[in-house]
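Please keep the sequence and the model in view while reading.

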Amino acid sequence: MKTEKEKMIAGELYFSADPELVADRTFAREQMRLINGETDPAIREQLIKETFGKVANRAYMEANVRFDYGYNIFLGKNFYANFDTVFLDVCPITFGDNCMIGPNVKLYTATHPLNPIKRNSGLEDGAPITVGDNAWIGGGATLLAGVTLGDNVVVGAGSVVTKSFPDNVVIAGNPAQIIHEIGDHEEETVDSLPFQRAKIDEIDQKIARLLEERMDAVTTIVEIKKTQQTAVFDGTREESVLDNIRKSLVNLEYQKTIEQTFEDIMKRSREYQQAHMERDEQ
């Protein structure tokens, strides 16, 4: 049977009040006090090496560095962190070589169950964070549990990284998304096919989420129509929708294509509503 510590590191549900974990956190807080109070860089580096799971060679970290356990933090060669880094390291946090992070960067492997009964019981869980070689994480950025960043990734200041990204990209925003590809010829990269496809992929994910929200509303509407015995098709309403779309457009060159897209969306919505009504009548 796994210990609570083994469950924690594996990303499984565990009880943080376990005595072994309480003792580990107590020790970690004492190490934090020593590290953050030490003004000699060489001694501070040695304390970090004694506390963290691995430090490949050099690790320079400004005060104050904060962590849950320390032993779940693994640093590659030539690591640098500016002021006030936070590592919630219930699961492993792993950096490759030559990584640098700005001030107030936060890495959260810790999560809690969505179910309130489990959450209130004291159960917690987490997922690891992995960062490749040559990463630069801008000040105030936050990396959430389960994120993996490839080599040469740049994270814009203040970004919230909720998912993983491949090598050689600049990401920014909340949630973070690809805003640029890193290549040998920067002026050519932005216009490259892979970059534009990655941009479309990000937009498509947003559209898919919005379409799901729209279909949730359609499902509610069909229930209302059944109750009120209202017809599925409402030409006046559909023309009003299209008119609102036209008014919202900035680039009129796209108007015909976007109108046709929304006409198809409404057609598919009618088909869904009709099928829903017919199913309930059977």
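A residue is called buried when its relative accessible area is under 20%, exposed when that area is over 50%, and partly exposed in between, with a 1.4 Å probe and protein chains only. The model is predicted, so that local features need pLDDT of at least 70 and side-chain atom pairs count only at pLDDT 80 or more, while totals for chains, interfaces and linings use all residues. Residues are numbered from 1 along each chain as its sequence is written, and side-chain values use heavy atoms, with hydrogens and water left out.

Helix α3 spans residues 41-51, and its buried residues are R44, E45, L47, I48 and T51. They lie on the same side of α3, because they cover an arc of only 160° around the axis; this arc is that of the directions from the helix axis to the C-beta atoms. On the other side of the helix, A42 and E50 are exposed. Helices (H or I, at least four residues) and strands (E, at least two) are DSSP runs, numbered from the N terminus. The cover over the buried residues of α3 includes α2 (19-37) and the strands β2 (54-55), β3 (59-61) and β4 (65-67).

The loop between β4 and β5 (73-75) contains N72. Its relative accessible area is 3%, so N72 is buried. Leaving aside residues up to four places away in sequence, N72 touches M8, I9, D89, V90, C91, P92 and I93, where contact means heavy atoms within 4.5 Å.

Charged pairs come next. Side chains of opposite charge can pair when their charged atoms come close. A salt bridge is a side-chain nitrogen of Lys or Arg within 4 Å of a carboxyl oxygen of Asp or Glu, and the structure holds 13 of them. One joins E223 to K226, with the closest N and O atoms 3.3 Å apart. These two residues are separated by about one helical turn, because they are 3 residues apart in helix α6. An α-helix has 3.6 residues a turn, so residues three or four places apart point the same way. E223 is partly exposed, with a relative accessible area of 34%, and K226 is also partly exposed, at 26%.

Helix α7 (residues 235-248) holds D243 and R246, 3 residues apart, about one turn of the helix. Their side chains meet in a salt bridge of 3.8 Å, N to O, and R246 also pairs with E239 at 3.1 Å, N to O. Which residues are linked in a network of salt bridges? The network consists of E239, D243, R246, K247 and E259. Of these, R246 is partly exposed at 24% relative accessible area, E239 is partly exposed at 41%, and D243 is partly exposed at 29%.
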